[in-house]
Amino acid sequence: MLDQLTKWLVLRNIGIGDVVTVIPDFFFLVQVHNTGAAFGMLRDNNLFFIGLSAVAMVAMGIFAWRGAFRDSWLAGAAGLLLAGILGNLADRIAHGYVVDFLMFDLHVPFANPWPSFNVADSCIFVAAFVFVIRSFSSSAKKA
């Protein structure tokens with residue numbers, strides 16, 4: 001819900017090509033239409049990513065049915081992953097692209113500014129991070 005609300009606000013209040021400074025020289029709001037994956041890779045493959053999202057959701061359902069998300073960290077990460085997939089899938093179906101709007105200038109070579117992203121992307125990133133960290137923990141291996 002937060003993902004879709006923020007994207008709706010961006011579509012209503014920020015024009016394509018406009019840059020709204022939040023923290024000077026660091027954090028900006030923009031409106032970018034992404035028809036590809038992270039960092040704009042594989043542009044103009046919207047139908048492919050709709051299919052990939054469907055496959056990912058089915059896979060998550062199978063993992064959940066088999067008890068893969070037993071502890072609260074894994075269950076939370078699964079929830080974030082599903083929310084992120086659904087947020088970007090809703091955009092792809094409704095608009096034909098994903099709305100990205102968070103832009104950071106990290107002042108590092110080759111990532112200046114960092115590619116724009118959104119709340120759903122952040123959920124996917126945090127979920128992936130938790131899955132990786134939990135895969136190394138002893139309690140996850142016992143589950």
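Predicted model: local features only at pLDDT ≥ 70, side-chain atom pairs only at ≥ 80, totals over all residues.
Let's start at F26, which sits in the loop between strand 1 (20–23) and strand 2 (27–34). F26 is partly exposed, because its relative accessibility is 34%.

**Around F26**

**Aromatic pairs**
- The structure holds five aromatic pairs.
- One of these is formed by F69 and F131, whose ring centres are 6.0 Å apart; the planes meet at 35°, so this pair is tilted.
- F69 belongs to the loop between helix 2 and helix 3 (72–95), while F131 belongs to helix 4 (residues 119–135), so their pairing ties together parts that are 62 residues apart in sequence.
- F131 counts as partly exposed because its relative accessibility is 24%.
- F104 and F117 make a stacked pair, because their planes lie at 15°, with ring centres 5.9 Å apart.
- This pair links distant parts of the chain, 13 residues apart: F104 is in strand 3 (residues 98–104), and F117 is in the loop between strand 3 and helix 4.
- The two partners fall on either side of the 20% cut-off for burial: F104 is partly exposed because its relative accessibility is 21%, whereas F117 is buried because its value is 19%.

- In soluble globular proteins, nonpolar side chains tend to be buried together.
- Here, the largest nonpolar core has ten residues: V10, I14, F27, Y97, V99, F101, L102, F117, V119 and C123.
- Strand 3 and helix 4 each supply at least two residues of this core, and strand 3 gives the most, with three residues.
- L102, one of the core residues, touches F27, F28, L29, P115, S116, F117, N118 and V119, leaving aside residues up to four places away in sequence.
- There is also a second, separate core of nine residues, with A77, L81, A127 and V130 among them.

- S53 is found in helix 2 (residues 46–65).
- Its relative accessibility is 13%, so S53 counts as buried.
- Beyond residues up to four places away in sequence, S53 touches I85 and L89.

Terms used: Residues numbered from 1 in each chain as written. Heavy atoms only, no water. Helix = DSSP H or I, 4+ residues; strand = E, 2+ residues; numbered from the N terminus. Buried < 20%, exposed > 50% of the residue type's maximum accessible area, 1.4 Å probe, protein only. Contact = heavy atoms within 4.5 Å. Phe/Tyr/Trp six-rings, centres within 6.5 Å; stacked < 30°, edge-to-face > 60°. Core = buried A, V, L, I, M, F, W, Y, C linked by side-chain atoms within 4.5 Å.
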